[in-house]
Amino acid sequence: MVHDNSFSSRALDIFVYIFMFIVLAVTLMPILHVVSMSLSSSGAINRGQVGLWPVEFTTIAYNTVWAAGTVPRSFINSVYYTTLGTLINLIMTVLMAYPLSKADLPFRSFFMKMVIITMFFGGGMIPNFLLVTRLGLFNSVWALVLPGAISSMNMIIMRTFFEGHPRELEESAIIDGANDFRVLFSIILPLSKASLATIGMFYAVSHWNSWFPASIYLRDMARFPLQLILREIVINNQMAMEMAEVGLFIDHRVSAESIQYAVLVISIVPMLLIYPFAQKYFVKGAMLGSIKG
Amino acid sequence: MISRIRDYDYKYLKKRIKRSKYLLLMLLLPVTWYIIFNYIPIYGLLIAFQDFNLRLGITGSRWVGLMHFRRFFDHPFFWRLIRNTFLLNLYGLVWGFPMPIIFALLLNELRNVYFKRFVQTVSYLPHFISTVAVVGMLFMILSPSVGIVNQIISAMGGDTIHFLARAEWFRSLFIGSGIWQSMGWGAIIYLAALSGVSEEIYEAATIDGATRLQKIRHISLPSIMPTITILLIMNVGSMMSSATERVLLMQSPITFETSDVIGTFVFRMGLGMADFSFGTAVGLFNSVINLTLLFMANAFSRKILGNSLW
């Protein structure tokens with residue numbers, strides 16, 4: 001590229017760098033601050049001494065959260081809901097997307113219209129709630145994983161992936177006498193690992209982050225997912241005090257605020273560890289979705 | 001003659017169905033799911049016109065016509081709900097919509113590839129943090145007792161502000177935290193469009209003496225214009241929808257003056273008070289408005305800009 005070293009170009013460079021450093025700071029500082037708070041002593045937090053680095057480093061808040069048991073249990077619940085939910089999502093999405101990727105499927109445009117209508121219009125919150133309770137799913141894990149078993153958006157992205165496979169692959173197998181199920185499971189899916197990972201991660205993140213269905217369908221706190229417990233502790237300001245009292249039994253004093261910061265970090269960290277590796281799949285999916293959408 | 005053609009079509013269709021029987025069998029499960037979890041709730045919208053009673057069900061409940069809609073129009077909160085929903089979206093559009101565009105255009109000007117990739121990766125990060133955690137961080141950072149913002153304010157001699165209990169702060173906090181979470185991720189589609197612009201066009205412009213600002217204005221911006229239009233249509237089309245879950249997390253009765261939107265009202269009336277018919281009616285009213293807006297925005301864009309969703 002021809003290098004432009006004029007004054008206006010330099011000025012633009014400076015402006016761009018300043019802008020980018022502001023973006024970096026605004027994005028990272030709140031996270032760094034919350035992590036530091038969670039690792040500082042309750043005294044330092046109350047005196048307002050903690051900025052972007054822990055003061056009087058301690059892991060007492062984490063020990064207390066661990067000992068109180070609610071958060072670890074909800075963490076396990078979330079792992080369970082996410083795994084089960086994503087598995088159901090992938091099976092259902094593939095079963096819908098693969099037939100629809102065939103141009104010669106009978107009633108194809110009818111099925112597509114049926115899908116697209118639901119992207120613009122639906123029953124809304126109350127009829128959905130009444131349906132789920134009517135099906136007897138109240139207070140059960142199925143209320144969390146069945147109503148959202150297919151995201152039409154993801155299904156259409158998956159269909160686009162399938163349409164990209166060369167037809168010769170399948171035709172030779174069909175001539176050899178394999179039926180469509182065989183073709184799908186032993187030829188197409190092994191070739192679609194990257195696409196399945198992309199769509200699977202879209203689903204997994206939305207399960208992991210979801211809290212609203214759990215808040216209306218689950219009664220027992222023992223079944224709450226992590227996000228709901230996080231809301232109770234940090235936003236509704238509940239349970240943090242009781243958990244802080246647990247701290248008295250294992251060691252020494254820890255404030256409710258320390259507990260809140262620690263729970264916040266526990267909920268953020270798993271995604272932060274995964275996302276740098278997962279982001280290339282996400283970006284690919286996001287771009288495909290945008291082209292189609 | 002016609003009947004012979006129909007007969008032929010019918011036979012041909014039968015042949016196609018037979019050939020695709022396994023594909024149709026595959027569809028059985030997901031199509032059943034679509035009917036149960038999408039079309040039965042649409043059928044359930046009928047309760048908006050009933051005095052719905054759980055015990056009697058849809059077939060047994062009394063029909064009341066448009067009573068629940070009239071109840072909503074006459075409700076003391078009606079105009080407040082319309083205003084709050086509209087303003088939250090309008091301000092969100094005005095502040096939030098240009099941010100990913102500016103970010104993508106400036107990112108495109110970075111010459112250092114590694115720094116560019118680093119900024120991009122960091123900018124995606126908030127997208128992966130759950131809404132509950134983002135709102136939780138907001139609560140902690142703005143907390144009147146230990147939050148760093150109030151500690152800075154009081155260190156400088158000011159009075160602490162309980163931001164989340166103040167109606168006048170709600171919209172700014174809602175939109176600001178929304179931008180924080182979605183700016184980087186929202187830039188992806190623009191960056192994809194920008195990466196499709198051939199390097200030669202920029203070089204030709206350089207040889208013709210164009211400055212970099214002129215190149216942004218006359219090459220980069222036009223190249224993402226179709227994307228901007230489409231996203232703008234979708235945004236205008238959702239002008240009266242509400243990010244109910246996020247508002248629910250951030251609002252409290254003290255801030256209802258600005259924070260109560262149609263979606264949260266539906267939640268409170270329909271599920272909180274178990275007034276199912278009323279909640280459904282309000283929700284239906286809202287989705288009809290949304291659908292109308294989307295069609296209008298699309299028609300407008302096709303006429304004026306020649307670019308549309310469908």
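**Chain B against chain A, and Ser78(A)**

Reader: Which residue of chain A forms a salt bridge with Arg212(B)?

Author: This is a predicted model. A salt bridge here needs a Lys or Arg nitrogen within 4 Å of an Asp or Glu carboxyl oxygen. For Arg212(B), the closest N and O atoms of the pair are 3.2 Å apart. The partner is Asp13(A).

Reader: How many residue pairs are in polar contact across the interface of chain B and chain A?

Author: Salt bridges across this interface number three. For polar contact, both residues must be at pLDDT 80 or more. The count of such pairs is eleven.

Reader: Which helix gives the largest share of the side of chain B that touches chain A?

Author: By class, that side has 66 nonpolar, 17 polar and eight charged residues. One helix, residues 21-44 of chain B, supplies 20 residues, the largest share. That element is helix α2.

Reader: How much of the area buried between chain B and chain A comes from carbon and sulfur atoms?

Author: The contact takes 96 residues from chain A and 91 from chain B. Together the two chains bury about 8600 Å². Carbon and sulfur atoms give 79%.

Reader: Is Ser78(A) buried or exposed?

Author: Ser78(A) lies in helix α4 of chain A. Its contacts beyond four places in sequence include Trp208(A) and Pro225(A). Buried means under 20% relative accessible area. Ser78(A) has 3%, so it counts as buried.

Reader: Which residue's backbone nitrogen does the side chain of Ser78(A) reach?

Author: Gln227(A) is among the contacts of Ser78(A). The backbone nitrogen, though, is reached at 2.8 Å and belongs to Leu226(A).

Definitions and conventions. Residues are numbered from 1 along each chain as its sequence is written. Chains are lettered from A and ligands numbered from 1 in the order in which they are written. This is a predicted model: local features need pLDDT of at least 70, side-chain atom pairs count only at pLDDT 80 or more; totals for chains, interfaces and linings use all residues. Side-chain values use heavy atoms; hydrogens and water are left out. Contact means heavy atoms within 4.5 Å. Buried area is the accessible area (1.4 Å probe) that two parts lose on being put together, summed over both. A salt bridge is a side-chain nitrogen of Lys or Arg within 4 Å of a carboxyl oxygen of Asp or Glu. A polar contact is a pair of N or O atoms within 3.5 Å; within protein, one must be able to donate a hydrogen and the other to accept it, and residues adjacent in sequence count only if both atoms are side-chain atoms. Helices (H or I, at least four residues) and strands (E, at least two) are DSSP runs, numbered from the N terminus. Ala, Val, Leu, Ile, Met, Phe, Trp, Tyr, Cys and Pro count as nonpolar, Asp, Glu, Lys and Arg as charged, and the others, Gly among them, as polar. Buried means under 20% relative accessible area, exposed over 50%, partly exposed in between (1.4 Å probe, protein chains only).
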